[in-house]
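Biologist: I am new to this structure and would like to learn how to read its features. Please take me through some of them.

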Amino acid sequence: MHLARFPRIRLAHLPTPLEPLERLSAALGGPEIWIKRDDCTGLSTGGNKTRKLEFLMAEARDQGADIVITQGATQSNHARQTAAFAAKLGVDCHILLEDRTGSNDPAYTGSGNVFLDFLHGATAEKRPGGGDMNAELGVVAEKLRAEGRKPYAIPGGGSNPTGALGYVDAAQELMAQADAMGLAIDHLVHATGSAGTQAGLIVGLKGVNAQVPLLGIGVRAPKPKQEENVFNLACATAEKLGVPGIVKRDDVVANTDYVGGGYGVPTPGMVEAVEMFARLEGVLLDPVYSGKGAAGLIDLCRKGYFRKGERVVFLHTGGAAGLFGYVSTFDYPRPRAA
């Protein structure tokens with residue numbers, strides 16, 4: 001698959017590191033765990049959306065956009081990375097932030113990613129949870145056109161066939177790294193939400209005949225809906241690349257047992273995973289995506305889903321800035337005055 005045929009603005013710090021997690025592996029006593037550090041992509045603390053935005057923002061530029069608009073949850077990693085990319089290009093950015101948790105914690109509503117959105121110069125407006133946010137984007141786009149602007153709308157998570165190209169490229173990058181290191185990968189695991197990362201990975205892995213099983217740990221939708229969303233987007237991405245039919249339904253596997261009370265709602269497993277990665281490996285996860293993805297990874301290791309001696313790569317999708325919106329979830333003692 002020849003990705004150079006598609007417009008791209010290369011701002012991500014690539015390739016991202018592929019590293020062993022020796023202390024975590026020893027603590028779990030099962031498979032050999034590695035990490036693909038897509039938290040190191042650059043642009044405002046990095047994350048998986050930067051790969052997608054290389055293709056999306058190139059498309060926006062080629063369409064003559066003078067403002068990009070997108071949507072996400074209050075503590076959206078995607079919104080923060082879009083605002084940073086737009087700042088780098090000198091393009092305006094407007095964000096619709098959906099209240100998916102109902103939290104009134106000032107840290108959640110104003111710190112973390114929200115603070116960084118504004119620091120990068122974006123404007124934002126709120127929406128209640130449960131609405132059709134992409135339809136809301138369409139309404140805002142029409143309003144901007146009526147004002148003489150040229151908006152480019154990016155769906156939540158950057159998850160459309162253009163954005164998914166970023167993870168087709170990531171799959172090819174990962175396999176090239178593994179081959180160069182002599183690392184035979186038995187499983188690839190990551191958090192899956194808006195579907196673009198998993199869809200792109202599936203197409204990329206199929207395109208190089210990697211034969212590496214991919215498991216998405218769901219953070220929002222029930223299993224049937226999550227897998228349907230991923231499959232449909234993977235098929236559309238494959239068609240965009242000129243390889244229709246390359247993805248089969250059984251290529252798409254999501255485990256949604258670790259969502260807990262809902263999207264962005266903390267779980268004990270997430271807290272444990274964030275603490276384990278921080279204390280054993282010095283790696284910061286986020287509380288919404290990578291934290292729940294890692295919670296699934298850890299639990300499945302303990303249950304023997306991944307066998308001793310297998311090599312499992314965890315794709316870290318970034319988002320550590322979101323931790324600052326969840327400080328109250330981690331009930332640590334505060335320093336006292338002397």
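Biologist: Which residues does E310 touch, not counting residues up to four places away in sequence?

Modeller: Contact means heavy atoms within 4.5 Å. With residues up to four places away in sequence not counted, E310 touches P31, E32, D186, H187 and Y305. This is a predicted model, where local features need pLDDT of at least 70, side-chain atom pairs count only at pLDDT 80 or more, and totals for chains, interfaces and linings use all residues. Residues are numbered from 1 along each chain as its sequence is written, and side-chain values use heavy atoms, with hydrogens and water left out.

Biologist: Where is the place of E310, and is E310 buried or exposed?

Modeller: Helices (H or I, at least four residues) and strands (E, at least two) are DSSP runs, numbered from the N terminus. E310 lies in the loop between α11 (290-303) and β10 (311-316). Buried means under 20% relative accessible area, exposed over 50%, and partly exposed in between (1.4 Å probe, protein chains only). E310 has a relative accessible area of 11%, so it is buried.

Biologist: What is the relative accessible area of S103, and which residues is S103 in contact with?

Modeller: The value for S103 is 24%, so this residue is partly exposed. S103 is in the loop between β4 (92-99) and α4 (106-110). Leaving aside neighbours within four places in sequence, S103 is in contact with Y108 and T109. The C-alpha atoms of S103 and T74 are separated by 9.6 Å, and the two residues are 29 residues apart along the chain.

Biologist: Now the helices. What should helix α2 span?

Modeller: The expected span of a helix is 1.5 Å times one less than its number of residues. Helix α2 (residues 49-62) has 14 residues and should span 20 Å; its end C-alpha atoms are 20 Å apart, which agrees.

Biologist: Where is the kink in α2 centred?

Modeller: The bend at a residue is the angle between axes fitted to the seven residues ending there and the seven starting there. In α2 there is a kink of about 25°, centred on F55. After α2 comes G64, with a positive phi near 75°.

Biologist: How many residues of α2 are buried, and what do they pack against?

Modeller: Eleven of the 14 residues are buried, so α2 is largely enclosed by the rest of the structure. Among them are K49, L53, F55 and A60. The buried residues of α2 pack against β2 (32-37), β3 (67-73), α3 (77-89), β6 (151-154), α7 (161-181) and α8 (196-207).

Biologist: How many residues does α3 have, and how many of them are buried?

Modeller: α3 has 13 residues and reaches 19 Å from its first C-alpha to its last, close to the 18 Å expected at 1.5 Å a residue. Ten of the 13 residues are buried, so α3 is largely enclosed by the rest of the structure. The buried residues of α3 include N77, H78, R80 and F85. They pack against α2, β3, β4, α5 (112-119) and β6.

Biologist: What is the volume of the largest pocket?

Modeller: On a 1 Å grid over the protein atoms alone, a cavity is a set of points where a 1.4 Å probe fits but cannot get out, and a pocket is an open set with protein on both sides within 12 Å along at least five of seven lines; lining residues have an atom within 4 Å of a point. Grid points are joined across faces, edges and corners, and a volume is the space filled by probe spheres set on the points. The largest pocket has a volume of about 520 Å³. It is lined by 28 residues, of which R100, G156, G193, S194 and R220 are the closest to its centre. α9 (223-240) gives the most to this lining, with four residues.

Biologist: What is the volume of the largest cavity, and which element gives the most to its lining?

Modeller: The largest cavity has a volume of about 110 Å³. Of its 14 lining residues, N48, K49, A191, T197 and Y289 are the closest to its centre. α8 gives the most to the lining of the largest cavity, with three residues.
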